[in-house]
Amino acid sequence: MISFEEAFQKVMDNPLDLGNEKIHLDQCMGRILAETIIADRDFPPFDRATKDGIAIRFDALKSSEQEFKVVGVAQAGSPQLTLEGDSNCIEIMTGAMVPKNADTVVMYEHTNRKGDIFTIHKTVNKGQDIHYQASDIAKNGALLQEGTKITPAEIGVLASVGKSEVLVKKSPKVAVVSTGNELVDVHEIPEPYQIRKSNSHTLMALLEKEHVKASLFHLVDEPNAIKETLKKLLGQFDVLLLSGGVSKGKYDFLPEVFDSLGVEKVFHRVLQRPGKPFWFGRHAGHHSIVFSFPGNPVSTFVNYHTYFKPWLNKTLGTDTPHFTVILEEALTNQTDLSIFVGVAVKFKESGLYAKSLSTSGSGDLASLAQVDGFIQLGPYEEAKKGINVPFIPTRSII
Ligand code: AMP
Ligand code: MG
């Protein structure tokens, strides 16, 4: 058996190269950018007014009684006007081009108006209330880097540079496969010896969050049937994400079937809890990767977050953030395993604090609805109250 760190490294050493694809701007939320985004013009593209008011030439302003006659209106979306004469001004709206010869904007609130004559009753600073051309970024400057995750903020930037089509990393096609004779579908009433499938639905939901397309399959515990289905799936999908059937039970057939199908075992079983019987491999011919998690719901859930998600990020060329939390209590790991403890977290003035939640083990599905994530303790680690420990969030906590 290998340590968690070794297993993690082996998973990360096996990313897939799936290439890129061009998709429509409206489809790219949550995807990973595969090109650097360059400013196609200056931002802003011209000196723009940031207030509604009047545009003047600052040096023309000699006293507070001075009168300015309106000789035009600069509207947002109209070509640039020219201000002629020192005793004139142009009314200007937010977003409009500052007129030629004008260099200062005075908001209406700082003026008095009589007909088409304005006077100014507040101190004016030269150049005020103008957002200068190229002050955000100049033409050809890099706005977004390759590998950026696209959120609503990036969508706005992409739109502003005219990217109706965006080059993004291709996501893997994933087959989510549940295994076990005891499992029935969600809509069924289980016999006393049966349970409803849950892992596969959790996994589908987790993948949906990552904008990864997945299809659902089920295998009964029968080696020939398993082999036939997996053979097909290996040819059709980039990743097989399985749950159950990899432990030491009499009906845990997956490892031998993978072997018979030419899936190369990278490792099987990890010194960790939950999630110890994890089987990981790859099929060289099909360029596919197999994550075969133990069936206990908490094991599947922990293994997805600790292995699959960082692997997906690596495959897509983006980083996995590392978080820590402060322990609210002392915790001791008396085993030679890396352990993952479900915690609830709370923001306090000095940071994010974690309190462990007791569970009845790796099958305790209901506990997952209470946890905000898992903290990681190394073999025989004695973690004192108040120290920082690694934290793997399993829900959005902000
Ligand atoms: P296994 O890893 O196949 O030995 O399964 C371990 C435990 O997890 C057993 O109690 C299974 O019934 C349960 N289990 C396996 N697959 C699922 C699933 N898809 N949904 C819910 N529980 C499961
Ligand atoms: Mg099973």
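## Exercise 1: A lysine and its partner

Let us start with K348, which is partly exposed at 41% relative accessibility (buried means under 20% relative accessible area, exposed over 50%, partly exposed in between, with a 1.4 Å probe and protein chains only). Before going on, note that this is a predicted model in which local features need pLDDT of at least 70 and side-chain atom pairs count only at pLDDT 80 or more, while totals for chains, interfaces and linings use all residues. Residues are numbered from 1 along each chain as its sequence is written, chains are lettered from A and ligands numbered from 1 in the order in which they are written, and side-chain values use heavy atoms, with hydrogens and water left out.

**Task.** Find the residue that meets K348 in a salt bridge, and say where the two partners lie.

**Solution.** 
- Step 1: Recall the rule: a salt bridge is a side-chain nitrogen of Lys or Arg within 4 Å of a carboxyl oxygen of Asp or Glu.
- Step 2: The partner is E328, with 3.2 Å from N to O.
- Step 3: K348 belongs to strand β25 (residues 338-348), and E328 to the loop between β23 (323-327) and β24 (331-332), so the bridge ties together parts 20 residues apart in sequence. Helices (H or I, at least four residues) and strands (E, at least two) are DSSP runs, numbered from the N terminus.
- Step 4: E328 is partly exposed too, with a relative accessible area of 23%.

## Exercise 2: A network

**Task.** Which residues are joined with K149 into one network by salt bridges that share partners? Is E210 buried or exposed?

**Solution.** 
- Step 1: The network consists of K149, E210 and K309.
- Step 2: In the salt bridge of K149 with E210, the closest N and O atoms are 3.6 Å apart.
- Step 3: K149 sits in the loop between β12 (142-144) and α2 (152-160), and E210 in the loop between α3 (199-209) and β17 (214-219), so parts 61 residues apart in sequence are tied together.
- Step 4: E210 is buried, at 10% relative accessible area, whereas K149 is partly exposed at 37%.
- Step 5: By the salt-bridge rule, the count comes to 11.

## Exercise 3: Two helices

**Task.** Describe how helix α1 and helix α6 cross, and sort the residues of their contact.

**Solution.** 
- Step 1: The axes of α1 (residues 4-12) and α6 (residues 297-315) come within 9 Å and cross at roughly 35°. Axes are lines fitted to C-alpha atoms, for helices over the stretch in contact, and angles run from 0 to 180 degrees between N-to-C directions.
- Step 2: The contact (heavy atoms within 4.5 Å) is made by F4, A7, F8, V11 and M12 of α1 and T306, Y307, P310, W311 and K314 of α6.
- Step 3: These residues divide into 8 nonpolar, 1 polar and 1 charged. Here Ala, Val, Leu, Ile, Met, Phe, Trp, Tyr, Cys and Pro count as nonpolar, Asp, Glu, Lys and Arg as charged, and the others, Gly among them, as polar.
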